[in-house]
Amino acid sequence: MEPAPLPFILITSAPNPSPTPTPFQPSLNTPTQASVLSVPADTVTPVPPTVILPTETPSPTSSPLSDSTATVDFNQLFPTVAAPPIVEIVDVTPTALPPLTDNETINFLLIGSDKRPGSSYRTDTLVIAIVWPKEGQVSLISIPRDLWIYIPTVGMQRINTAYQSGEIGGYVGGGPGLLKDTVTYNLGIRIDHTAMVEFDGFRRIVDTLGGIEVPVACAYTDWRLIEPTLDIYDENNWWLYTVGPGQVHMDGDLALWYARSRSKSSDFDRGRRQQEVLRYIFQKALQTDTFSKIPQLYNDFSSTVITDMSLADMLLMSPYAVNFTNANIRGYFIRPPYVSSWTTPAGAAVLLPNEAELSQMLIEATTLSTFAAQRESVTVEVQNGSPTDTLDALAASRLNYAGYQTIISNADRRDYANSVIVDFTPGQDPAQRETIITALNLYSANVISLPDANSTVQYRVVLGYDYEACFQPQDLSH
């Protein structure tokens, strides 16, 4: 009997494959008020170009460009007009992946677009959100732009060309329709709704919320305009800008830069930062009771967000919002080892799915997690016993990624040499305690056993000098 066909075309990698360049492409539109300007956080109207050094972080680092030597690669900084998709003829159509999601989920495809008036465009950001409304769980899956897959009616192409192909090719449902069918065919995930936002719309959303607080665990540096109204084609208007480590207040302009820039990183790291921003947009929406204002916001953003969700659809979803916290969100990223670099016969550097590894990850991402439900019942109190400000917020975010609910309170002092974990659980389970220690990467944490059945928290973590804040979310799963 012949073996069942694989859901992907397997192609041998070239001897010297190279990744597709994914340069930061600053928007050509005039942005809203940037965070580098000294104005109130709720100010969203443009102001004259007064250059003031950034103040978003406790210790921002800047490296202005030299007047004597150009150090910016303008091929990486500035966008080129995206050409219409090039169809590469293939002799075989890959088999569609069997459906992985069930009817208990509502699946969204979040799309960030670099569309500008008078230019062709591709989808800049693709994130799938799989939502279990009743259980309050969410899986986020970041899809790299260069994923080489089968696009129905087109053939093998990068996934970021599917939307435009659907728009210009008369596909049923247009760009959203073809992109939904492409995701379903190649990843087995049914897409119920799409939402696309352009750059200015993203800025407006963040600024309408009054900005967001993003725990930046690892310092990030990339090229950024000194002031958003300056000429992007003048190399002297750019500097190397650093955010973090620390909890950073981001307005719309800074959040967009943090979520999009990739000149000095990669498309994979950009996917991580995009999920960070999405998490804290959602958290701020919960804190500000935004979901109770859905009718007003639906009208306000109808020209900014292109979606097939009706107002009635959103109102049906809103009662479930109270079930969700950042501890219930699992993050997944289509990156190595789930993909490998490959060069097409036409010379394009793309990412090929590794069928076995990717399928295993997708099954996990689309399955309701009983592990997450167990950790949801555990609350960890985080205290900062070190002199480094906002370290507690960074550690709480890290525990959220691992699936633990957290609260933050003040430590009795700020000079702990070593971190301490206090176990209040009646059972004093060392295996459960170890998962928290491991999630925080605390090899030398001092453990104090204080069983207390009446305690409102199960564990307390006091951070000391030994705590290293930087971590990678993809290393934490639940």
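Reply: Strand β16, residues 379-384, runs parallel to strand β20, residues 459-463, and five bridges join the two. One of the paired positions is Glu381, whose bridge partner in β20 is Arg460. The model is a predicted one, and the description below should be read with that in mind.

β16 and β20 belong to an open sheet of five strands, in the order β17-β16-β20-β18-β19, with mixed pairing. At its edges lie β17 (405-409) and β19 (446-449), each of which pairs on one side only. On average, neighbouring strands in this sheet are turned by 20° against each other, direction ignored. Helix α11, residues 391-401, packs on the sheet and touches β16, β17 and β20. The direction of α11 makes about 155° with that of β16.

The sulfur atoms of Cys218 and Cys470 are 1.9 Å apart. The link is right-handed, with 100° about the S-S bond. A search of the whole structure finds one disulfide. Its two ends fall into separate burial classes: Cys218 has 13% relative accessibility and counts as buried, whereas Cys470, at 45%, counts as partly exposed.

Strand β2, residues 106-113, pairs with β3 in the antiparallel sense over eight bridges, and Leu109 stands opposite Ile128 in β3. On the other pairing, β3 and β4 run antiparallel and are joined by six bridges; Val127 stands opposite Ser142 in β4. β3 and β4 form a hairpin with four residues between them, and Gly136 in the turn has a positive phi of about 75°. As for burial, 10 of the 10 residues of β3 are buried, so this strand is largely enclosed by the rest of the structure.

β4 also pairs with β13, in the parallel sense and over five bridges. Leu140 stands opposite Gly331 in β13.

In α9, Leu358, Ser359, Met361, Leu362 and Ala365 are buried. They cover an arc of only 165° around the axis, which puts them on the same side of α9. An α-helix has 3.6 residues a turn, so residues three or four places apart point the same way. The face of α9 turned away from its buried side carries the exposed residues Ala356 and Gln360.

For the chain as a whole, there are 12 helices and 20 strands. Of its 478 residues, 53% count as buried. Among contacts between residues at least 6 apart in sequence, 75% join residues at least 24 apart. Confidence is given by an average pLDDT of 81, with 78% of the residues scoring at least 70. Over residues 1-91 the pLDDT is below 50, and this stretch has 196 contacts in the model beyond near neighbours in sequence.

How values were computed
Residues numbered from 1 in each chain as written. Predicted model: local features only at pLDDT ≥ 70, side-chain atom pairs only at ≥ 80, totals over all residues. Heavy atoms only, no water. Pairing = 2+ DSSP bridges. Axes fitted to C-alpha atoms, helices over the stretch in contact; angles between N-to-C directions. Contact = heavy atoms within 4.5 Å. Buried < 20%, exposed > 50% of the residue type's maximum accessible area, 1.4 Å probe, protein only. Arc of directions from axis to C-beta. Disulfide = S-S within 2.5 Å. pLDDT = per-residue confidence, 0-100.
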